[in-house]
Amino acid sequence: MSLCKSLRPSSARPSQHRIIILPVCLNRRCFADRHGHGSPSRPHTVQGNPNSDEQLSSDRDDVFKINPENKTVETAVGDLPLSPVMDPTFWEATRRHQVPKAKPGKPQNSVERQIRANPFAKALATPVRMCAVTKTRLPSFFLQDFNLVAHPETNAPWLIPGSLMPDQPSTAQESLGIESLEDTESEAHDSKDPQSTAATSEDNERLHGQRAYVLARQDLLSSFTVKKSGFGSAPKQITNANFRQKSLVDKVVWREDMDTYILDRMRQAIVDDLLYVSGLVAGAGRYYIVKCYGWGDVQYKHKGAVLWFGEPDDDDEGGASSSDRTSSSSSNEPGPFATFDIQKNDIQGEAMTTTVAVHNMSMLLGPEQARRVKEQAAVLKDGNLFMLAGRRTTDLQLKLWKLQGYISDYREI
C-alpha cells in the first residue's frame, strides 16, 4: 500500500476543521492535529511566519493511503473511490510508451547469440515500413530511406538517402552541398525565441528529421527520371508520404543520378568496413577474415559469407590463352544470390545442410574497387577466396547482401 499526498482542496468534512478569518489575511487554512486527524476544539493557525514548524494537512505524507488493488483511498472520512489522477497504475500505463526503450544488453542465452550473429535474422527483424511508390510493406532492411533537406544556396528541397550519409552532419551536408530543412527553420525560430536554443540544439543532433521509404532497387530508382515509365511523379509521392512539409511537394528536387549515387555510397561503405576489419585481423590478430584454400576448405571454416575475388592468375596452367581463361572464369564465377551448401552432422549425428552466401566482389564493388581492396587490405592480398567470421562482421554481411539485392536484375532470376 503506497502513500499519496492529498490535493489542495481538502476532502475532509467542514466540521472537522475550523477556518479562522483574520482582518490581516483572509482564508487562512487550519492545520491538522499533530496527534491525529485534528480536533475542532484545538485549531492551529500560522500567523504569517514562514519558518513555522506547523504543516498543512494537505502537505503531510500520512494523510491518504492508496490501495491500487481495490481502487480505494483511505481518508479521514473512510474509504473513497480512487480517482485516476491518484492511481499509480493509471499513470504507469499512460507513461509506459513515453519512456525511451532501453538499449539491448548482452544476449541471455544461446538462441539470442545465434540470432545476433545471423545477418538474415537481423534483416527480417527490422521494423516493417511501406514503400511510398509501390505501396509494398517490407522490413526496412529491404527499403532505402530518404530525407528532405534544403540547399544552402537556393533553399530548394532535396531528397537524399539519409542512412547512407556519414555520421557527422557537416560531412554529410558537404558531400551533397545541402542542409536540413528542419535546421534552417529552427535557426529562424531561435532568432525570435532565445529560450528555445537549448531545445533546438538537441534536435540538430539528428541528421535530417523524418524519413520516407522506397524499395532498394536500382532499376526502380533509375526509372524516376525516365519519361513514360509510370514513375515520373515518384519524388512527389516520397515527399508526400510522411513529411510535414507537404507544401514543398511541387518544389522537391530529385538527383538525376540518384541510383548511381546510392550505388557508390553503398560500395564505399563496404570498402571502408573491409579495410577496417582487415586492419583488426592484421594488427590485433583477430579471425574476422579467414582464407579458404579452395571450395573444399569452406566447409571447415566458420559459418559466414564467402568473398570471391576471381580465379587466381596462373600462367603455368596448361599454357591456356587469356581468352580461354576469361571464358572459363566467367563460367565458374558466382552469380547473383549465389550460395554454397555445407554438409555436416548435428549433435545427434543426423545430416544437416548449412547454406552460406557467396559474393562476387568484382560484380558487387566493381573491378576498380575490388582491386583497391585487394591492394590495401593486407589480409586479402594472398588468395582469392575468403570467409567472413564473427559477430563483428554481421553488419558487413548485411551491407553485402543489401547491395546484392540493389544491383540485381530480377527479370533474369
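Two strands are taken to pair if DSSP finds at least two bridges between them, and the strands themselves (E, at least two residues), like the helices (H or I, at least four residues), are DSSP runs numbered from the N terminus. The model is predicted, so that local features need pLDDT of at least 70 and side-chain atom pairs count only at pLDDT 80 or more, whereas totals for chains, interfaces and linings use all residues. Residues are numbered from 1 along each chain as its sequence is written, and side-chain values use heavy atoms, with hydrogens and water left out.

In strand S15, phenylalanine 386 stands opposite leucine 307. Strand S12 (residues 306–308) and strand S15 (residues 385–388) are paired in the antiparallel sense, over three bridges. Both strands belong to an open sheet of five strands with mixed pairing, ordered S11-S15-S12-S14-S13.

A hairpin is formed by S3 and S4, with two residues between them. Strand S3 (residues 72–75) contains threonine 75, and S3 pairs with strand S4 (residues 78–81) in the antiparallel sense over four bridges. Across this pairing, glutamate 74 stands opposite aspartate 79 in S4, while the bridge partner of threonine 75 in S4 is glycine 78. In a regular strand the side chains alternate between the two faces of the sheet. In S3, Val73 and Thr75 make up a covered face, and Thr72 and Glu74 an uncovered one. Threonine 75 has a relative accessible area of 14% and is therefore buried (buried means under 20% relative accessible area, exposed over 50%, and partly exposed in between, with a 1.4 Å probe and protein chains only). A polar atom of the threonine 75 side chain lies 2.6 Å from the backbone oxygen of glycine 78.

Most residues other than glycine have a negative phi, and most peptide bonds are trans. Lysine 71, although not a glycine, has a positive phi of about 60 degrees. Lysine 71 is placed in the loop between strand S2 (64–67) and S3, and is partly exposed at a relative accessible area of 38%. Lysine 135 likewise has a positive phi, near 60 degrees. This residue lies in the loop between strand S5 (128–130) and strand S6 (137–139), and lysine 135 counts as exposed, with 52% relative accessibility.

Glutamine 144, located in strand S7 (residues 143–150), is buried at 2% relative accessibility. Its side chain makes a polar contact with the side chain of serine 163 at 3.5 Å. A polar contact is a pair of N or O atoms within 3.5 Å; within protein, one must be able to donate a hydrogen and the other to accept it, and residues adjacent in sequence count only if both atoms are side-chain atoms. Proline 166 is found in the loop between strand S8 (157–160) and helix H4 (169–176), where proline 166 is partly exposed at 23% relative accessibility. The C-alpha atom of proline 166 is separated by 9.4 Å from that of alanine 269, a residue 103 positions apart along the chain.

The second largest pocket holds about 570 Å³ of space. On a 1 Å grid over the protein atoms alone, a pocket is an open set of points where a 1.4 Å probe fits, with protein on both sides within 12 Å along at least five of seven lines; lining residues have an atom within 4 Å of a point. Grid points are joined across faces, edges and corners, and the volume is the space filled by probe spheres set on the points. Of the 24 lining residues, Ala117, Asn118, Pro119, Lys303 and Gly304 are the closest to the centre of the second largest pocket. Two or more lining residues are given by each of helix H2 (110–117), helix H3 (119–124), strand S14 (351–360) and helix H13 (394–407). S14 gives the most, with five residues. The lining comprises 12 nonpolar, nine polar and three charged residues, where Ala, Val, Leu, Ile, Met, Phe, Trp, Tyr, Cys and Pro count as nonpolar, Asp, Glu, Lys and Arg as charged, and the others, Gly among them, as polar.
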